[in-house]
Amino acid sequence: MDLYKQILIQALAHQEMEVRFPNLSLNGDALVHSICYTALARIRDIVRDDTLSDPECFDRVEEIVRALEAVGSDGGFRHDFG
């Protein structure tokens, strides 16, 4: 992270903040659960694909990582499974 961002984050970290989303109909928990459910359903579909052999299914781990990335997570340092 560049120095400017680090300084800005530190300076704002102790300030009072108010964030509003006037058109959001879900609360935070419901929103996260909805996104997590969608990601888990996609991962389940990848694992359940019975057209794949076990080695092919293992190769689809990269798709699982992409599903995690799509919801703001990642595979950490284990991103390259090739």
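At a relative accessibility of 72%, G72 is exposed (exposed is over 50% relative accessible area, buried under 20%, partly exposed in between, with a 1.4 Å probe and protein chains only). The model is predicted: local features need pLDDT of at least 70 and side-chain atom pairs count only at pLDDT 80 or more, while totals for chains, interfaces and linings use all residues. Residues are numbered from 1 along each chain as its sequence is written, and side-chain values use heavy atoms, with hydrogens and water left out.

G72 belongs to the segment after α4 (61-70) (helices are DSSP runs of H or I, at least four residues, numbered from the N terminus). Just after α4, G72 adopts a positive phi of about 95 degrees.

The buried residues in α4 include V61, I64, V65 and A67. These lie on the same side of α4, because they cover an arc of only 155 degrees around the axis (the arc is that of the directions from the helix axis to the C-beta atoms). Among the elements that cover the buried residues of α4 are α2 and α3 (54-59).

On the surface, M17, V19, F21, L24, L26, L31, I35 and V71 make up a nonpolar patch with about 740 Å² of accessible area together. V19 is located in the loop between α1 (3-12) and α2 (28-48).

| Residue | Relative accessible area |
|---|---|
| V19 | 52% |
| G72 | 72% |

Key:
Patches are made of residues with over 30% relative accessible area and no salt bridge: like charges are joined within 9 Å, nonpolar side chains (Val, Leu, Ile, Met, Phe, Trp, Tyr) within 5 Å. Accessible areas come from the Shrake-Rupley method with a 1.4 Å probe; for residues, only the protein chains shown count as cover. A salt bridge is a side-chain nitrogen of Lys or Arg within 4 Å of a carboxyl oxygen of Asp or Glu. Helices (H or I, at least four residues) and strands (E, at least two) are DSSP runs, numbered from the N terminus. Contact means heavy atoms within 4.5 Å.
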